[in-house]
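Open the model in your viewer and keep the selection panel at hand. The stops below go from the interface to the annotated sites and then to the backbone.

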Amino acid sequence: MKVSIIDYGAGNIQSLIFAFNRLGVHPVVTDHPKLLAEADRVIFPGVGEAGSAMAKLRQHGLEEVIPQLKQPVLGICLGMQLMCAYSEEGDTRGLGIFDCEVKHFDRKLKVPQIGWNTITNLKSPLFKGIEENSYMYLVHSYYVANNPHSIATTKYGETYASALHRNNFYGTQFHPEKSGEIGAKVLENFLNLKD
Amino acid sequence: MLTKRIIPCLDIKDGRTVKGINFKDLADAGDPVELAERYAREGADELVFLDISATEEKRRTLAELVYHVAEKVNIPFTVGGGISSVEDVGMLLRAGADKISVNSAAVKRPELINELASRFGSQCVVVAIDAKNVDGKWLVHLVGGKVATEVDLFEWALEVQERGAGEILFTSMDHDGTKNGFANEALSKLSDMLHIPVIASGGAGTKEHFKDTFKEGKADAALAASVFHYGEIPIPELKTYLKNEQIPIRI
């Protein structure tokens with residue numbers, strides 16, 4: 001299976017590569033539209049700040065390319081947030097794949113949320129074989145409110161969307177590549193999705 | 001619910017763990033990758049690797065170690081010890097570290113925190129603070145607690161938060177190594193005044209100490225070394241105990 005990781009200079013992707021290696025898959029890291037279009041699966045990673053990440057996406061000419069991808073695409077953490085319509089972080093217009101907004105956590109909470117929290121209301125083959133209230137590793141200051149695209153929710157202050165799905169696009173706020181065996185199962189399920 | 005984190009800390013020198021370890025079935029007790037894998041399997045929530053090598057050449061050994069840890073370990077880990085530049089951090093993150101921690105270099109040049117946060121994001125910048133209570137005042141110490149400064153712990157903690165730290169790792173030099181419990185009074189004050197997570201370090205000796213630092217110290221995470229390395233407190237047993245004490249914990 002050909003897996004491409006979108007390369008737009010958005011931080012550390014080595015652990016993502018290793019997580020796929022442990023599943024027997026060797027991803028290609030690329031910003032080349034043709035290599036992305038030809039892959040069986042595309043991963044849209046992201047750490048850091050939304051505004052500058054979106055600017056990097058534009059520099060790499062990927063703003064139009066990503067929404068047109070036809071195979072299963074998985075956005076992780078900031079990758080998922082950039083697939084939304086808008087983010088409060090840096091007043092950033094996103095790719096608009098998911099019609100929802102990204103907001104800052106309530107200032108009364110410890111921010112960033114760092115650590116392991118549960119995912120519930122699991123509603124996708126992405127979570128096949130994964131029990132309700134499984135723990136995933138999260139590190140983020142901005143969140144997507146619960147909405148019709150939600151396929152998992154997590155509670156931190158309010159209950160928010162910790163995974164999204166629309167058509168061939170999936171997003172997880174948590175880091176499956178850092179969430180132990182259960183996280184690895186999410187990546188495996190993503191590889192096994194029926195196109 | 002967000003759970004409290006249990007974090008074993010591994011001291012690294014020239015790519016090997018330094019402290020003795022009594023895990024009998026490890027093929028090589030000094031191999032940090034094997035120990036890290038084992039802690040991850042046992043339920044550690046994160047790991048910290050603290051490098052105590054001194055020279056540039058040995059730092060490259062550290063980046064190689066980070067690469068091998070990332071290859072095998074599927075939970076987050078932080079790397080610290082002697083980090084003083086954006087270049088150091090870039091190298092370690094590219095090798096696969098999730099977070100880095102800075103300590104003395106940030107006290108000497110606080111702008112380093114801003115540079116790291118804006119370049120790599122606050123989420124991967126942990127600022128470690130070693131402090132000691134001197135005549136009723138908590139003073140920041142450098143070089144592993146050897147060198148005293150006039151910097152006040154609480155003022156410094158606020159400043160590093162302001163400069164973009166994502167997390168604070170507070171070690172009480174008065175408690176470190178005593179096994180008499182964490183510095184819960186100072187921790188609780190830190191936790192109340194900051195809006196970023198606080199990791200408690202120094203003083204773990206019993207399971208009750210962990211409970212106390214989460215309840216009284218209001219810590220978001222607790223770090224320890226010897227009680228884990230010497231098998232005095234097995235992680236699964238500790239986590240079951242804490243869960244029974246009504247502390248949110250991942251099992």
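Buried area here is the accessible area (1.4 Å probe) that two parts lose on being put together, summed over both. The model is predicted: local features need pLDDT of at least 70, side-chain atom pairs count only at pLDDT 80 or more, and totals for chains, interfaces and linings use all residues. Residues are numbered from 1 along each chain as its sequence is written, chains are lettered from A and ligands numbered from 1 in the order in which they are written, and side-chain values use heavy atoms, with hydrogens and water left out.

**Interface**

Select both chains. Between chain B and chain A about 2500 Å² is buried, and carbon and sulfur atoms give 54% of that area. On the chain B side, pick L2(B), N74(B) and Q123(B): these lose the most area to chain A, together 27% of what that side buries. Counting contacts (heavy atoms within 4.5 Å), 39 residues of chain B and 27 residues of chain A take part.

Next, show K110(A) and D220(B). They form a salt bridge, with the closest N and O atoms 2.6 Å apart; the term requires a side-chain nitrogen of Lys or Arg within 4 Å of a carboxyl oxygen of Asp or Glu. Between chain B and chain A the count is two salt bridges.

Two elements, α2 (56-72) and α3 (86-95) of chain B, each give two or more residues to the side that touches chain A. The largest share, four residues, comes from α2(B).

**Annotated sites**

Which residues of chain B carry the UniProt annotation "active site"? Select D11(B) and D130(B), from an unreviewed entry; such annotations may be inferred rather than shown by experiment, and positions are in the numbering used here, with feature names shortened. D11(B) is in strand β1 (residues 5-13) of chain B.

In chain A, select C77(A), H175(A) and E177(A), which UniProt lists as "active site" (unreviewed entry). They are spread over 101 residues of sequence but cluster in space, the largest C-alpha distance being 11.0 Å. H175(A) sits in the loop between β13 (169-172) and α5 (180-191) of chain A.

**Backbone**

Most residues other than glycine have a negative phi, and most peptide bonds are trans. Centre on V111(A) and P112(A): the peptide bond from the former to the latter is cis, with omega near 5°. P112(A) lies in the loop between β7 (98-104) and β8 (113-119) of chain A.

D135(B) is in the loop between β6 (125-134) and β7 (137-142) of chain B.
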